[in-house]
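Subject: The model you asked about

Hi,

Here is the structure, sequence included.

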Amino acid sequence: MFAVGVNSSEKDFLEALKQPAAIFAGYVGQFFVKPLLGYLFGTVAVTLCGLPTAIGAGIMLVSCVSGAQLSSYATFLTDPALAPLSVVMTSLSTATAVFVTPFLSLLLIGKKLPVDVKGMISSITQIVVVPIAAGLLLNRFFPRICDAIRPFLPPLSVLVTACCVGAPLAININSVMSPFGLSILLLIVAFHLSAFVAGYFLTGLAFHRAPDVKALQRTLSYETGMQSSLLALALANRFFQDPLVSVPPAISTVLMSLMGFSLVMIWNKNKEQDLIKQS
């Protein structure tokens, strides 16, 4: 998030706010398209795959939470100009998750989940607002320092991202290696893949006349396909007695990140090939 701030300006965020249709589309992807897919795959897990009901509830719970901050960094790596838009989308979904996530969990799972409002606000402030604001201020008042540190930020950000992905896997390795692990793995892959695809193609249909439609499709794909699985994991551990509910969020934390950043590499490679063809 600090890297996003260093490579942006306050004008970029003001421009992002001038795209209410795109922000709304990102919100719909997070809290309408994704919960529908979560309900679908959660039902498939129980009825067709014969998995315990708790596993289906865990998949649905993953679909009820807000967007992941990693989606903003993924957008920054693919389309830097749209990173502020992604930050606005993710922040909006995170800020309103304190009301929407309990409602969706009650609707899909039948269990009302109390969410720590103060904790969420504190988390948004620490993870998003403070580092981006620090980067923006540094870029505004000390541009030479920004020029000096900018080359080191991408590899440092990749290292931090790797820690964010690896730590949940290490902590929840027993859950991942459970007897249901492989079946859940395939279901979670299908869930996230369908969310990435839905975000990409639905955006193409809704904004087909936009001049930057491809970049917008990639951004909305990240927003729809990547969510705060760590929040789902925390809610599962705290509010569900059955430990199996936490298995899908634990696996999702890793797969969502790997799939999102795999798309970053694929799309960046395609952009390079397009530039070579044009030249």
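**Starting from His192**

His192 sits in helix 11, which covers residues 181-206 (helices are DSSP runs of H or I with at least four residues, strands are runs of E with at least two, and both are numbered from the N terminus). Before going further, a word on what you're looking at: this is a predicted model, where local features need pLDDT of at least 70 and side-chain atom pairs count only at pLDDT 80 or more, while totals for chains, interfaces and linings use all residues. Numbering starts from 1 along each chain as its sequence is written, and side-chain values use heavy atoms, with hydrogens and water left out.

Is His192 buried or exposed? At 0% relative accessibility it counts as buried (buried is under 20% relative accessible area, exposed is over 50%, and partly exposed is in between, with a 1.4 Å probe and protein chains only). Its side chain makes a polar contact with the side chain of Gln227, at 3.2 Å. By polar contact I mean a pair of N or O atoms within 3.5 Å; within protein, one must be able to donate a hydrogen and the other to accept it, and residues adjacent in sequence count only if both atoms are side-chain atoms. Leaving out residues up to four places away in sequence, His192 touches Gly225, Gln227, Ser252, Met256 and Met259 (contact means heavy atoms within 4.5 Å).

**The charged pairs**

How many salt bridges does a search of the whole structure find? It turns up 3, counting a side-chain nitrogen of Lys or Arg within 4 Å of a carboxyl oxygen of Asp or Glu.

One of them joins the side chains of Arg218 and Asp79, at 2.8 Å from N to O. Arg218 lies in helix 12 (residues 213-225) and Asp79 in the loop between helix 5 (70-78) and helix 6 (83-108), so this pair ties together parts that are 139 residues apart in sequence. Both Arg218 and Asp79 are buried, with Asp79 at a relative accessible area of 8%.

Asp79 also forms a salt bridge with Lys271, where the closest N and O atoms are 3.5 Å apart. That pair links distant parts of the chain, 192 residues apart: Asp79 in the loop between helix 5 and helix 6, and Lys271 in helix 14. Helix 14 covers residues 247-278. Lys271 counts as partly exposed, at 27% relative accessibility. Setting aside neighbours within four places in sequence, Lys271 is in contact with Thr78, Asp79 and Arg218.

Then there is the salt bridge between the side chains of Asp147 and Arg150, also 2.8 Å from N to O. Asp147 is partly exposed at 49% relative accessible area, and so is Arg150 at 24%. As for shared partners, salt bridges join Asp79, Arg218 and Lys271 into one network.

**The whole chain**

The protein has 14 helices and 0 strands. Buried residues make up 52% of its 279 residues. Among contacts between residues at least 6 apart in sequence, 81% join residues at least 24 apart.

The unreviewed UniProt entry lists "transmembrane region" for residues 36-62, 82-108, 120-139, 151-171, 183-207 and 246-267 (positions are in the numbering used here, feature names are shortened, and annotations may be inferred rather than shown by experiment). Two of these stretches to look at: residues 36-62 are 81% helix, with end C-alpha atoms 12 Å apart, while residues 82-108 are 96% helix, with end C-alpha atoms 32 Å apart.

Cheers
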